[in-house]
There are 2 protein chains.
Amino acid sequence: VSARAVPSYAVGALVDRLVGALGADCVVTDPAAIAPRLTEWRRLYTGTADVLVTPRTVDQVAAALAVAHDLGAPVTPQGGRTGLVGGGVPHGGVVLSLERLSRIRALDVMDATITVEAGVTLASAKAAAADQGMLLPLSIASEGDAMIGGVLSTNAGGTSALRYGSARALCLALEVVLADGRRLDLTGGLRKDNAGYDLKQLFIGSEGTLGVITAATLGLAPALRDVATALAGVADPTAAMAMFRALRDRVGPALTTFELMPRFGYALSLRHIGRADALEAAHPWYLLVELSSPVAGGGLDERLSDWLAAMLEDGLAADATLAANERQRADLWRLRDALSDAQGLAGASIKHDVSVPLSRIAGFIEETSAACTAALEGLRPCVFGHLGDGNLHFNLSQPEGMDRAAFLALWPRFNRIVHDRVIAAGGSIAAEHGVGIQKRDELLLARGPVAIGAMRAIKAALDPRGILNPGKVI
Amino acid sequence: VSARAVPSYAVGALVDRLVGALGADCVVTDPAAIAPRLTEWRRLYTGTADVLVTPRTVDQVAAALAVAHDLGAPVTPQGGRTGLVGGGVPHGGVVLSLERLSRIRALDVMDATITVEAGVTLASAKAAAADQGMLLPLSIASEGDAMIGGVLSTNAGGTSALRYGSARALCLALEVVLADGRRLDLTGGLRKDNAGYDLKQLFIGSEGTLGVITAATLGLAPALRDVATALAGVADPTAAMAMFRALRDRVGPALTTFELMPRFGYALSLRHIGRADALEAAHPWYLLVELSSPVAGGGLDERLSDWLAAMLEDGLAADATLAANERQRADLWRLRDALSDAQGLAGASIKHDVSVPLSRIAGFIEETSAACTAALEGLRPCVFGHLGDGNLHFNLSQPEGMDRAAFLALWPRFNRIVHDRVIAAGGSIAAEHGVGIQKRDELLLARGPVAIGAMRAIKAALDPRGILNPGKVI
């Protein structure tokens, strides 16, 4: 989005009307104040904007959209700006920050629901739930900054989606402002509601292109009272998947997390956090596994330990360690959580966020890794992620010593190697990070003309002037 | 739908083109063969149709829709015709039966998915999963006849939605034929997929008004290896909800079923199946409770028994019995399953399928029952259902001796008493049975102009000629 279309509206009129509708304290035109909103945190994309709007109320969000709609000015919603695909990078017009809509409106333990505004961080919402003995079961690395509006508009996944589903599965009701400023209100946070089309599903995962989420009711689970965590070294993804199946059969819904890491990434994590290896020898792959239950005394440590013993005996696991206390549990998690940042130690990285059916994932990892390394000498694949969900971060670290920009210029070429194999395996080229700017062209290849046509018809129906987050998704 | 609009197409041309596109063996014009498709099983609604189409393949479904779209002829999809709101009653034009699309296309244990065509009955799909040691976790009274296409297009709920969610929660991918005959294909049955708008969500629960579901991939759970079932007598809904909360805290995800029955309905069930009472004394209300787990030896009987003992000690439960074996478990379930049919023993019934937040449901039951009985002397409320989901079948049996038709004529009046209180409580007037014909006018009252406007915009975008299941939902 470096080139900006000539706007059909007068910027002065846009600002004047926004000030008139929202008050001057919610309308920012100082370029220095707007500048940080134009670039996403990894600095892959930069946009432009005429004005930053920071409403304090839903009525102000509605008023801002009514003005923009009337003038035909683009509106890019922003929350915590932790996205990974450029979905919040503006395309001229208005940056609409939801960060001041930060109230927790309600929490009801009997209903097991929390109602929060779009600008509440995921971490704050989780803390509010924990205060009442409840769990908001969504865990992502950026949860300290990511806000509920963005979490839902990108349908965030993370490390407990295996047990609880992605953000969509937790969302019981949404409050949305439509492109023209009209409001769709929250329903009562019901578990069952078939009263007409389930409109909220359209706004979840559509990255702000169909409406602006201003509040949501999310379902809560009971707080956890038994947790068991282990790290295992394994020879290959095929062994890892055999272990997954055995564990799923043994423990059912207690299986919360099943994460895969390669030796290359694991070693970077150790270096990044300055720690000795958690296992004695090096292994080609690692699994971080967690069981959890809201019922105390379920013996999860013993069940996890029994499984590990069986896996070692069967020759599927090479070595393993079980967290004996909370500190050890945190240490194991740190190895996984540090992985994204640690990759920076290996230079530039070409990233793919994909999912593949579990029955095909082991072969997919082996074959696609081989195809990538064959395409560029010295390339270092760092394939990790939520193996139990079929969701891989298929990242490729540059060859040592290669020019960073020259390597990143190969991104489209590696898209063909990785994404074409994803599609052939019946997978998705955008599993949990969304489409944004980054995968917009890839989406057209992946989804076919009928699906794209249906998406465009829906976009035209709900945003006829095309003002909402232009340049993203479709 | 007694009155039929004058069609804008020539019936002869419609039939000729359908025969040309699908072959004569898939096109039925004999009025005697069409007649059973015009009336739903409770005989509340009767429609009209020119022709019955019975495709054997998805291509034939697509060809039929292309013809109907071209001519502007209405198309009403039908599956097992077990619906309760008239959603499958035709409105002229084509009855499109999906019953011959009855293949189970795939079942993969590692992926934990089954892919079935629209005409497979829910019971058949469940049996296929059970054969492979898996559970398709959706249980509804009509599952022997209800077909997957209808189960998904109505987002069916049932007695295990408390643990596993409604049909929507199980659906990983859909194959859909759009109004104009274009096909949206299945994706790979992934747990994580954010590649553009989640189109399948639009077709789930929209009762065939946006597209025709031809196949679906559903997620499976591991088969159950430990089940515990109990029946308890309780004084009132407030005590029942206190018991629910205590049980949820104690057993977490093992809580599968929490059903409420009133004495009036329970006694009708006993009479209907010719059995003695399962408890010694009569109680104002009854709870059917089930725990289940895929892990054997979890001691669920003991946990359920401990909870019941605590509830008796606290004075919340008045009496209880635990199923000691499979025969006793089946006997307890039969009391609940027979309830809908048993209501026929008490004459005509005005029915509402509603949901209310759990925090308000006890008060809602008491107050709304009182308002109903105050409105008609001798009225016998039969309020039962999925209490743990907040989903009640708020049924009203006629006063003894009252004229059946005169009683049913009061339906709109009781809609105001029941639905207005549902809406005031933040509930839904259509929880799990859908909208169909029955609640179309009520939906307009319940959802407000912005939501209805958005639904109509989506309908116009996906079915611009308005041929799909006219007269239903919106």
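## Starting in a sheet of chain A

A:Val177 sits across from A:Arg183 in β9(A). That puts us in the pairing of strand β8 (residues 171–177) of chain A with β9(A), which is antiparallel and runs over two bridges. Strands here are DSSP runs (E, at least two residues), as are helices (H or I, at least four), and both are numbered from the N terminus. Two strands count as paired if DSSP finds at least two bridges between them.

Zoom out and these strands belong to an open, antiparallel sheet of five strands in chain A, ordered β5-β6-β10-β8-β9. Its edges are β5 (104–108) and β9 of chain A, each pairing on one side only.

## Ground rules

This is a predicted model, where local features need pLDDT of at least 70 and side-chain atom pairs count only at pLDDT 80 or more, while totals for chains, interfaces and linings use all residues. Residues are numbered from 1 along each chain as its sequence is written, chains are lettered from A and ligands numbered from 1 in the order in which they are written, and side-chain values use heavy atoms, with hydrogens and water left out.

## Chain A as a whole

Chain A has 17 helices and 19 strands. Its radius of gyration is 23 Å, close to the 23 Å that the globule rule gives for 474 residues, so chain A is as compact as a globular protein of that length. (That radius is taken over C-alpha atoms, and the rule is 2.2 Å times the number of residues to the power 0.38.) Along the principal axes, the C-alpha trace of chain A spans about 70 × 55 × 45 Å.

## Where the chains meet

Contact (heavy atoms within 4.5 Å) links 76 residues of chain A with 76 residues of chain B. About 6100 Å² is buried between chain A and chain B, with carbon and sulfur atoms giving 61% of that area. A:Lys192, A:Asn194 and A:Tyr197 supply 17% of what chain A buries against chain B, more than any other three residues. Buried area here means the accessible area (1.4 Å probe) that two parts lose on being put together, summed over both.

On the polar side, 36 residue pairs are in polar contact across the interface of chain A and chain B, both residues being at pLDDT 80 or more. A polar contact is a pair of N or O atoms within 3.5 Å; within protein, one must be able to donate a hydrogen and the other to accept it, and residues adjacent in sequence count only if both atoms are side-chain atoms. Several elements of chain A each bring at least two residues to the side touching chain B, among them α9 (237–251), α14 (358–375) and α17 (440–462). The largest share, eleven residues, comes from α17(A).

## Salt bridges

Six salt bridges are counted between chain A and chain B, the criterion being a side-chain nitrogen of Lys or Arg within 4 Å of a carboxyl oxygen of Asp or Glu. B:Glu432 and A:Lys192 form a salt bridge at 2.9 Å, N to O.

Over all chains, the search finds 46 salt bridges. One of them joins B:Arg17 to B:Asp70, with the closest N and O atoms 2.7 Å apart. B:Arg17 is in helix α1 (residues 11–22) of chain B and B:Asp70 in helix α3 (residues 58–71) of chain B, so the pair ties together parts 53 residues apart in sequence.

## The sheet in chain B

Chain B has an open sheet of five strands in the order β5-β6-β10-β8-β9, with antiparallel pairing. At its edges, β5 (104–108) and β9 (183–184) of chain B each have a single partner strand, so one side of each is left without a neighbour in the sheet.

At the β5 end, four bridges join β5(B) to strand β6 (residues 113–117) of chain B in antiparallel fashion, and B:Ala106 stands opposite B:Thr115 in β6(B). Four residues lie between the strands of this hairpin, where B:Ala112 takes a positive phi near 55°. At the β9 end, B:Val177 has B:Arg183 as its bridge partner in β9(B).
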